[in-house]
Amino acid sequence: MSRRKLLGLALAAAIPLAGCTAAPAPKPAPASVPAPPLRLVAFDTCEHLLTDLRKATAEAVGPWGFPGIGYGIAMSDGIPPGDARNSVDAQKVAPVPGPAFSGTNNHEADADEPDIVKTDGRRIVTVQDGTLRVIDAATHKRTGKIDLGVRGAPSNLLLSGDHALVLTSGGLGGVVDARIGVGAEPEVLLVDLSGAPKVVSRFTGEGSLLDARQTGTIARVVLKSAPRITLPQSNWQDEQKRLAANRKAVAKSPIEAWLPTWSVTTNGVTTRGSVGCDRVSRPTAYSGTSLLTVLTFDLAAPALGAGDPVTIAADADTVYGTGSSLYLAGDQRWRLGVWPGRVVEPVAEKTDLYRFDLAGAARPAYAASGTVPGNLVNQYALSEYDGHLRVATTTTTSTTTPGTGLPGATSSAIRVLTQQGGDLQQTGIVNGLGKGERIYSVRFIGPRGYVVTFRQTDPLYTVDLSDPARPTVTGALKINGYSAHLQPVGDGRLVGIGQDATAQGMRQGTQVSLFDVSNPADPRRLAQHIVEGGQSEAEWDPHALLWWPATQLLVVPMTQFGLGGGPRPKDTAMALRVTGTGLTEVGAIKQPVVSGAVPTVRRTLVVGDTLWTMSDYGLQASNLSTLDAQAWVPN
């Protein structure tokens, strides 16, 4: 079983299911008093930066280490600040002639997202287990292969012209948390595809890769790092002494302990440096234990530079981007640690938001920041539209439900934020969504929003956001189960990918639902397709889902587990035809048996009249109309 599949099952199993009552119909609420402005302040000198970082970090450190980090953070020698990048103007790339082809299932059309496979209609490029492969789409033959030297590190790629940009999280897989320890070094590799694949440049950063977005030839890469400070491991039983020793270590740390380092190797020549003090900003409140760095790379350039870095002393776990904006969002519950001598603060779930303006190949310019109560389910809970940012969050109290041990009261809301100067200020809110439940999926489409909450049943709420000052819930639909991803399929239709469930909230298997949302006051489910015991990677990673409007084809990678200790899992790519009123299964694609098992399909894509399926073992070409196998290209 793949690591991603195990992760999905573990996440599903960890979610409480029982003990809720029907949620009352939500009502629009007047705009609440916005949180205090969360501003970014640039540092004028390294001395000023060091003073502030030491102070914030000392306040955050506890007797057992930094919040969410603990021990194991190694101090390395500081590297003088430097920036070897030469700016390159953005270049427009002419469309590649060839057949029609599908792209990555992105959140926004003008912001491409990294994935394990990309195509330009002529070739298919994949990156798996540290190896990049190139397949000719017309001949169904592999034409190139290169070991990138990053084996074992989760990797994705972006594609533009004859260049691929490979993004790897680092040797320790630090995409989950940059502060897991030393040795997780994210890398960005520029690969030339004009002939045999060749690594042109290799950028090595610090911490972990958070995410990236690409518009035109320009990619923005976000890294997260922690200070390199070794905390003493003594006085194990005396927390007061431990705390004092840790704060003393922080107070002695030089500025180089915080500044993210980098190196770039091109044609055998390596340049090293670190982010300059003048490139670092801080919000009003921060811990000093996490830094976010946004890098800018041009895929049309002949080589990589230092990425023209911009750094903020903040934490984030979600990246959302459009063609003109980049948002970083961070769950701020890490601030709740209580150490001896530290003031006890009430539990308050909140998410900090930072917006950057994007313009051509220039480095992102900080534009505004703000804070909203609650937490995001994923990047789809954010949407920029018509000058406003819509944010959907769930807030949970710190108490538990009596007799269950489950989290206490929960409630969800959509807030509309407007940039006013350097602040993202709340101008409208609708709350009371799914009381006693939490958000499982969100989709914003133009002036409308769709929110799914779940605990035992699945309310699908439709929200009118045409008036940013007065967002209003216009309709709700309650059905069993939930949708973990909502996919627009045109003509007032949404497809939900998730899990069917009993009235008590017990999961039964994958559920694909077709919703009619053309009448916001009366959302309806037109059809559902259930795979008993099924699980799909598309439930937690929308990149795994293929929607091909030309033939109204929806392809969902599927693993069906035998119930009651049955046979080994059945792996296919399930193809459904979406009609005006229904879902029809047209077939299921299996890849050839490898080592006694059918590979798990991870991705599907279309090039011309061929449907390609990708697994960890290779790619299979099938006829788009009949689904008959045409060729097998093993890794």
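The exercises below, each with a worked solution, concern a predicted model.

**Exercise 1. Helix 2 and its length**

Work out whether the end-to-end distance of helix 2 agrees or disagrees with its number of residues.

Solution. Helix 2 covers residues 46-60, and its 15 residues, taken at 1.5 Å a residue, should span 21 Å. The expected span is 1.5 Å times one less than the number of residues.

**Exercise 2. Helix 2 against helix 3**

Determine how helix 2 is oriented relative to helix 3, and which residues make the contact.

Solution. Begin with the geometry: helix 2 and helix 3, the latter formed by residues 239-252, pack at an angle of about 165 degrees, and their axes are 9 Å apart. Because angles over 145 degrees count as roughly antiparallel, helix 2 is roughly antiparallel to helix 3. The crossing of helix 2 with helix 3 is right-handed. Next, list the residues in contact: helix 2 contributes Arg 54, Thr 57 and Ala 58, while helix 3 contributes Arg 247, Val 250, Ala 251 and Lys 252. Sorted by class, this contact has three nonpolar, one polar and three charged residues.

**Exercise 3. The buried residues of helix 2**

Identify the buried residues of helix 2 and name elements that cover them.

Solution. A residue is taken as buried when its relative accessible area is under 20%. In helix 2 the buried residues are Leu 49, Leu 50, Asp 52, Leu 53, Ala 56, Thr 57, Ala 58 and Ala 60. Their cover includes helix 3 as well as strand 15, which is residues 280-283.

**Exercise 4. A loop glycine**

Locate Gly 505 and state whether Gly 505 is buried or exposed.

Solution. Gly 505 is found in the loop between strand 31 (493-501) and strand 32 (507-516). Its relative accessible area is 0%, so Gly 505 is buried. The C-alpha atom of Gly 505 is separated by 6.8 Å from that of Gly 481, and these glycines are 24 residues apart along the chain.

Terms used: Residues are numbered from 1 along each chain as its sequence is written. This is a predicted model: local features need pLDDT of at least 70, side-chain atom pairs count only at pLDDT 80 or more; totals for chains, interfaces and linings use all residues. Side-chain values use heavy atoms; hydrogens and water are left out. Axes are lines fitted to C-alpha atoms, for helices over the stretch in contact, and angles run from 0 to 180 degrees between N-to-C directions. Helices (H or I, at least four residues) and strands (E, at least two) are DSSP runs, numbered from the N terminus. Angles under 35 degrees count as roughly parallel, over 145 as roughly antiparallel, 65 to 115 as roughly perpendicular and the rest as oblique. A crossing is left-handed if the near helix is turned anticlockwise from the far one by less than a right angle, and right-handed if clockwise. Contact means heavy atoms within 4.5 Å. Ala, Val, Leu, Ile, Met, Phe, Trp, Tyr, Cys and Pro count as nonpolar, Asp, Glu, Lys and Arg as charged, and the others, Gly among them, as polar. Buried means under 20% relative accessible area, exposed over 50%, partly exposed in between (1.4 Å probe, protein chains only).
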